[in-house]
Amino acid sequence: MAPKRQFLPLLLLLSLSAFFLYSHYHSSLHLYLSSHSLNPNPHLNLPSNLNPSLNSIPSPSNFSFILKVLTFDRLSSLSRCLRSLAAAHYGRDTVHLHIYVDHFPHADNVGKSELLLDQKLDESRRILEFIDGFDWKFGQKVVHYRTGNVGLQAQWLEAWWPSSDHEFAFVVEDDLEVSPLYYKFLKALIQNYYYNSSNFSPSIYGASLQRPRFVPGKHGNKIQLDDETHIFLYQLVGTWGQLLFPKPWKEFRLWYDIHKAKGIKPFLQGMVTTGWYKKMGERIWTPWFISFIHSRGYFNIYTNFLHERALSVSHRDAGVNYGKTAGPDSYLLDESSLDIDLLEMQPLTKLKWYDFCFKEVHPGTVVRSFEELGSVLHSVQKQDTIILVSLFGASERVIRNLLCHFESFNIQNYIFMGLNSDFLLDLARRGHPVIDVDQFLSSVRAHKMKSLQDSDMEVKKYILVKAYVIQKCLESGYNSWVVDGNMLFLRSTPFLDVIDATYDFHAGKTPEILFIRSSSSARKIWVDDFIHKVALMVDSVLGKGRGRIPTTEGKTFVYIVGELFKQEGMRVKWVDEGSLGLEIDSRNANQTSQGNGKKMVFWSPEIGSDMIQKRLEELGLWIVDSDSSCTAVVCHQS
């Protein structure tokens, strides 16, 4: 029945009002999300001290969970896999099932009898008939039957391109069996470590439900976890039940496209998986993903349940990965064997993180105040010694190359200091301890430096922070080496031979290095009043208000401290640079020898990063790849 004519204006007014309110709401929401762009999940803004339970963190309305089942020619395996997925507890959630059926290779049929060909065709038909008849009542069932054989790599890589940042994929190969509890656990995990902003980390790419058993780094540590650790982070991807987060997977696919197009192979020295790739080539995909994870410094969530139990079990049926059936790798965790609160998720800050060598790493260590410094120094020190590395004037690629050498020599007692930047925070995200020079200095000024004149010059900031870090090292009973980023160590203890036990202070001008022994005499000198004198001398040397950053010898940390030592009557042992290291510059082209007995290589801060890379390549000392990541994983027993 049509509305009366006199009501049309009223209806039109109401419609316009509703449209205005709808538009205003969505535009306001857009502005809110834009203003919270630093939060990866802006629809949640939870206090950082909360670890909400499963029911207290809502999933967004466009949350989507898709099962990706990869199968080929194992009907019995597929049947077991799908039935276990259908027996899981999904509640009222919608869970879609996508099945990818690979075709048998056409090339294998050349010269084969018609009987064998008919057997393969019949096997494919039986698999498709089973899938067609399989009842999936939790969401859509989508089947992709390939026209040709693509192999396991393409099955994985082409199975998913996320349609949004709220779409998640759980990928299983057909010889997998899952626990009825697997979805409840994964849903709780997503809510706590993806949608809870206080627990979110961009370094996490997903979660594996398989039991952790394998360390890919050669000579790595054995997997040893205490009984109370139920969740931890580990760099290795798990192919036996892997949950993938959308953003990292998209990033990987684009990275893969670039490397594949340019012919860059996923070779990573020191990794068992590189040997797999050399043997099996493009039949497998994990070496590609591992190389990507290595370059990005990403991590995967794993579970650790007692008695070799897991939420997903691989029956290791004969196929690409196994020549013959090996049987289940673990015992399935279900309601009858559940002896823990499966949905209890610890805060991310409480979890342990492990690299490819299964060595524990500590992401997010950023020192922003003098008070925070002591505990970090204690965790970093080795044999009561700290190496303080300044990032001043050093390029990102040069520092990453330095870190690769640190890893090679198992040098772990270092801490970087630099201005607040994406690079500094990325170092911290990857597990390297750093000092935020700006915030650190601000915290010190608020308490100890009120009388000093402010200076915007970077060089003064670095000099003053160095002075305060040394003071804290001395207070804590630690020796300290202060070095810049314009050098490379050629051994794990490059300065051991130059130490004279009768001196508390050792220094070198080129390269600029300073060693301070932790002694009572050094502690008596290196106090607040001494640092006050450092600041005053910096102002005197630099000249107040001068705009350019000086680089001459007379305006360095070693020079400032050396002059004050003279005034205090302190003895300094000056290091012979010629015997200590090899200097490289733009003139000594095609230099291929590091020299006998040299302990380091160094260069002038004036040399550009491209020239530094060229010279280090000639010496065989440039060990980062096109992604600025180490060309090798070097494991050391903990």
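**Figure 1. Backbone of E308 in the loop between β9 and β10.** In this predicted model, E308 occupies the loop between strands β9 (299–303) and β10 (309–310); helices (H or I, at least four residues) and strands (E, at least two) are DSSP runs, numbered from the N terminus. The phi angle of E308 is near 60 degrees, a positive value in a residue other than glycine. E308 counts as partly exposed because its relative accessibility is 42%; buried means under 20% relative accessible area, exposed over 50%, and partly exposed in between (1.4 Å probe, protein chains only). Residues are numbered from 1 along each chain as its sequence is written, and side-chain values use heavy atoms, with hydrogens and water left out. As the model is predicted, local features need pLDDT of at least 70 and side-chain atom pairs count only at pLDDT 80 or more, whereas totals for chains, interfaces and linings use all residues.

**Figure 2. Backbone of D384 in the loop between α9 and β16.** D384 is placed in the loop that runs between α9 (370–380) and β16 (385–390). Although D384 is not a glycine, its phi is positive, at about 60 degrees. With 40% relative accessibility, D384 counts as partly exposed.

**Figure 3. The cis peptide bond between T510 and P511.** T510 and P511 are joined by a cis peptide bond, with omega about 5 degrees. P511 belongs to the loop between β21 (505–508) and β22 (513–516).

**Figure 4. The surroundings of F138.** F138 is located in the loop between α3 (114–133) and β3 (141–145). Its relative accessibility of 17% makes F138 count as buried. Leaving aside residues up to four places away in sequence, F138 touches A86, Y90, D93, T94 and V95, where contact means heavy atoms within 4.5 Å. D93 is 45 residues from F138 along the chain, and the two C-alpha atoms are separated by 7.4 Å.

**Figure 5. S291 in helix α8.** S291 is part of helix α8 (residues 286–296). S291 is buried, its relative accessible area being 12%. When residues up to four places away in sequence are not counted, S291 touches W255 and P266.

**Figure 6. The stacked aromatic pair F530 and F565.** The structure holds 53 aromatic pairs. Rings of Phe, Tyr and Trp (its six-membered ring) pair if their centres lie within 6.5 Å; planes under 30 degrees apart count as stacked, over 60 as edge-to-face and the rest as tilted. F530 and F565 form a stacked pair, at 6.0 Å centre to centre and with 25 degrees between the planes. F530 lies in helix α15 (residues 528–542) and F565 in helix α16 (residues 557–568), so the pair ties together parts that are 35 residues apart in sequence. Both F530 and F565 are buried.

**Figure 7. Lysine charges over aromatic rings.** K278 lies over the face of F267, 5.4 Å from the ring centre. A charge sits over a ring if NZ of Lys or CZ of Arg is within 6 Å of the ring centre and within 35 degrees of the ring normal. The charged end of K509 sits over the ring of W574, at 5.0 Å from its centre.

**Figure 8. The largest nonpolar core and helix α13.** The largest nonpolar core contains 96 residues, and those with the most contacts inside it are F416, I435, L514 and W526; such a core is a set of buried Ala, Val, Leu, Ile, Met, Phe, Trp, Tyr and Cys residues joined through side-chain atoms within 4.5 Å. Helix α13 (residues 458–476) gives the most to this core, contributing 11 residues. Of the 19 residues of α13, 16 are buried, so the helix is largely enclosed by the rest of the structure. At 1.5 Å a residue, α13 should span 27 Å, in agreement with the 27 Å between its end C-alpha atoms; the expected span is 1.5 Å times one less than the number of residues. After α13 comes G477, whose phi is positive, near 85 degrees. Not counting residues up to four places away in sequence, I435 touches residues including V367, L388, F416, F440, V465 and V469. A second, separate core of 56 residues includes F65, L186, W240 and L311.
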